[in-house]
Amino acid sequence: MLVEGCALSGGDPDSGADGNCETPGFSSEEIRLGFVYPDGGPAAPSLAPAISGFIARIEAANAAGGIHGRKIVPIWRDDASSQEQNHVAVRELVEREDVFGLVEATITAAGGADYLLERNVPVAGIAAEAFWANPRYRNMFAYTYVFTDGPSVSTFGDYAKARGGTRAAVITSDITPSADDIGSKMVSSLAAAGISTAPGTFVYNLAITDPVQLGQKLRAAQVDTVVAVFAGNDLAEVMRGIRAAGAPVKVVLAPSGYEQT
């Protein structure tokens with residue numbers, strides 16, 4: 001999109017000259033790049049640290065001369081793990097900050113996806129929501145996809161099976177929009193490795209769920225594998241409940257990471 005935007009206007013994207021390029025966020029001296037991440041809300045414990053990696057990568061690129069001599073100027077916004085706030089954040093970056101493109105380290109990118117598609121803004125990020133696999137969103141790019149149009153990979157299932165997993169329960173969060181989508185893909189991965197899934201609903205909500213009662217429910221379901229699709233900092237409480245209830249869990253998979261303590 002960068003090459004196309006400038007070539008149509010007569011500019012050379014590989015030179016230091018500006019030409020007649022009118023691509024937003026792009027000039028002879030700099031490229032403005034937006035970053036959206038959750039600094040609050042349920043996804044923050046897992047994804048808030050991404051801002052440090054983003055800034056470090058930009059600084060390394062600038063130290064090496066930028067992009068064809070152009071300095072990368074990073075500008076970020078917090079979407080608070082909310083689709084509504086994500087829409088607000090991306091609009092601010094595009095309309096107020098005049099960014100060329102975006103990087104999104106969030107699980108609520110669907111909030112601003114249609115707006116960014118309409119404006120033809122290139123977006124790179126974590127493909128942790130189902131819409132990333134939709135070819136309609138031709139402006140969205142990711143280095144790896146949780147969601148694909150093809151069959152699920154068995155990687156997670158193979159790992160669980162190798163450690164004695166035979167029957168699984170997926171614990172989701174009722175406050176994380178993409179939890180059910182991620183959970184369904186994890187179930188497919190387990191099934192591909194021959195691991196069945198216990199019927200029923202297993203939900204963890206920090207405000208109302210008793211971890212020990214949840215552990216008792218897992219024990220009654222006779223599961224030995226748990227997929228925890230919620231904020232990583234809550235995993236320690238769930239593990240405490242599992243152990244207190246004596247649930248025979250051998251394997252715990254947490255795609256969102258874990259709380260370091």
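Strand β3 (residues 101-104) and strand β4 (residues 123-125) run parallel and are joined by 3 bridges, strands being DSSP runs of E with at least two residues and helices runs of H or I with at least four, numbered from the N terminus. This is a predicted model, in which local features need pLDDT of at least 70 and side-chain atom pairs count only at pLDDT 80 or more, while totals for chains, interfaces and linings use all residues. Residues are numbered from 1 along each chain as its sequence is written, and side-chain values use heavy atoms, with hydrogens and water left out.

**Sheet**
- The open sheet holds 5 strands in the order β2-β1-β3-β4-β5 with parallel pairing, where two strands pair if DSSP finds at least two bridges between them.
- Its edge strands, each pairing on one side only, are β2 (71-78) and β5 (140-141).
- L102 has V123 in β4 as its bridge partner.

**Helix α3**
- The 14 residues of α3 should span 20 Å at 1.5 Å a residue, which agrees with end C-alpha atoms that are 20 Å apart; the expected span is 1.5 Å times one less than the number of residues.
- I51, F54, I58 and A61 of α3 are buried, meaning under 20% relative accessible area, with exposed meaning over 50% and partly exposed in between (1.4 Å probe, protein chains only).
- The buried residues of α3 line one face of the helix, because they fall within an arc of 95° seen down its axis, the arc being that of the directions from the helix axis to the C-beta atoms.
- On the other side of α3, S52, E59 and A63 are exposed.
- The cover over the buried residues of α3 includes β1, β2 and β3, contact meaning heavy atoms within 4.5 Å.
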